[in-house]
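Trainee: I am new to this structure and would like a close look at one residue and what lies around it in the chain. Could you start there and then walk me onward?

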Amino acid sequence: MKELLGEGIGQGPIRLKGINLEISSKCNLNCRHCFRRTYIGAHKDELMHPAVIENIMPELKLLHGIDLTGWGEPLLHPEFGKILKDIRRNFPGALTFTTNGILLDENVINHVLDSELDTICFSLDAADDESYRAVRGRYWSKIEAGMTELIRRKQQRGRGLPGIFAGFLLRRSRLQDLFKFGEKMTRLMLNGIILQQMTGVFGPADLDEVSYSAYYGERFDEQKFRQGIKDLKEELNYLQVIGPERIENQRQGGCGAFPLDHLFVKANGDVSPCCVLCYPVLLLNRKKELRPAQMLVLGNLRRQSLAEIWDGEAAVSWRNEMTDKGFTEVCADCIGLYIRRE
């Protein structure tokens, strides 16, 4: 099916190839490491209106990838199954989403399997109930049962899709749990794990948790850390291990978090170049000052098409500046500019 990937959207040299579609900005958790804790309002708890999705449906076939992931929990949208079905009917490319897994039940599993979803990632950061309670809450048993049933049903159908992954946020105080996490996900028969650097730092106290020395200039033995990651990948050679990103001391010539041919669609229909420029999140900048991120809204899908927004003056200007300089003024000194992916 992937040989049917579209040609992209737009008239210029860089065409739009993928979008994050935040179908829900609501969440049923309140994790201490989440961007959502740093702001109020700004359509923080909203469900995407069907009109937004209907408006762009004819354009979806031109894209390569759609990720139904934002700052909220996608399974909170009451029309999740219909959205998945409608998108897949019009879109043959890579379809993915990230979830905390709390609402994964038989109905959702049916929708996931019927839609031939490519990848589902569970945000876990833990390998058992005790460690999960320390970072996220009290739902470990429910989540584990849901994941187990999804994998059983997938095997029952004799299908390779979806690829099932689990995410682990790398915090210094939890690095000792990595092997246990990998071994647990192997026993659950997941396809792989995704190791993510803590790029959202919301105050000076959080600096003690980052597992990199660059950008903030924190004291951290990165060589020992990288060797540990290498050992982990060798030990878990039957499990796909993705990441972590490298944080460098110099800008890398573009954003390492969001590619230039990608857009983020907020639950209210606002469109931004990335997931940070659409909300007034408070982040610790490179000077260790707590500052709200600048916002950049390129358009709204209730009133415009993806093509109109992509070829609009604001979007073209932003891409030209990023292409010419490797960063934009609105990006300021965002850590995303210092990310080098492995």
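Mentor: Let's start with D125, which is buried because its relative accessible area is 3%. Here, buried means under 20% relative accessible area, exposed means over 50%, and partly exposed covers what lies in between, with a 1.4 Å probe and protein chains only.

Before we go on, a word on what you are looking at. This is a predicted model, in which local features need pLDDT of at least 70 and side-chain atom pairs count only at pLDDT 80 or more, while totals for chains, interfaces and linings use all residues. Residues are numbered from 1 along each chain as its sequence is written, and side-chain values use heavy atoms, with hydrogens and water left out.

Back to our residue. D125 sits in the loop between β4 (119-123) and α4 (129-135). Helices (H or I, at least four residues) and strands (E, at least two) are DSSP runs, numbered from the N terminus. Most residues other than glycine have a negative phi, and most peptide bonds are trans.

A332 also has a positive phi, near 55°, and is a residue other than glycine. You will find A332 in the loop between α9 (313-325) and β14 (339-340). Its relative accessibility is 40%, so A332 counts as partly exposed.

Peptide bonds deserve a look too. A cis bond joins L161 and P162, with omega about 0°, and P162 belongs to the loop between α5 (140-157) and β5 (163-170). Another cis bond joins G243 and P244, again with omega about 0°. P244 is placed in the loop between β7 (240-242) and β8 (246-247).

A salt bridge is a side-chain nitrogen of Lys or Arg within 4 Å of a carboxyl oxygen of Asp or Glu. K180 counts as partly exposed because its relative accessibility is 43%.

The structure holds 18 salt bridges. One of them joins R251 and D333, whose closest N and O atoms are 3.2 Å apart. R251 is partly exposed at 34% relative accessible area, and D333 is partly exposed at 26%. K325 and E329 form a salt bridge as well, with the closest N and O atoms 3.0 Å apart. K325 is partly exposed at 39%, whereas E329 is exposed at 52%. Salt bridges that share partners also join K82, D86 and R89 into one network.

A pair of aromatic rings is described by the distance of the centres and the angle of the planes. Rings of Phe, Tyr and Trp (its six-membered ring) pair if their centres lie within 6.5 Å; planes under 30 degrees apart count as stacked, over 60 as edge-to-face and the rest as tilted. A search of the whole structure finds nine aromatic pairs. In one of them, F80 and F97 have ring centres 5.2 Å apart and planes at 65°, so the pair is edge-to-face. F80 in helix α2 (residues 80-90) and F97 in strand β3 (residues 94-99) are 17 residues apart, so to speak a link between distant parts of the chain. Both F80 and F97 are buried. Y215 and Y216 are also edge-to-face, because their ring centres are 4.7 Å apart and their planes stand at 85°. Y215 is buried at 5% relative accessible area, and Y216 is buried at 5%. F35, W71 and F202 form one aromatic cluster.
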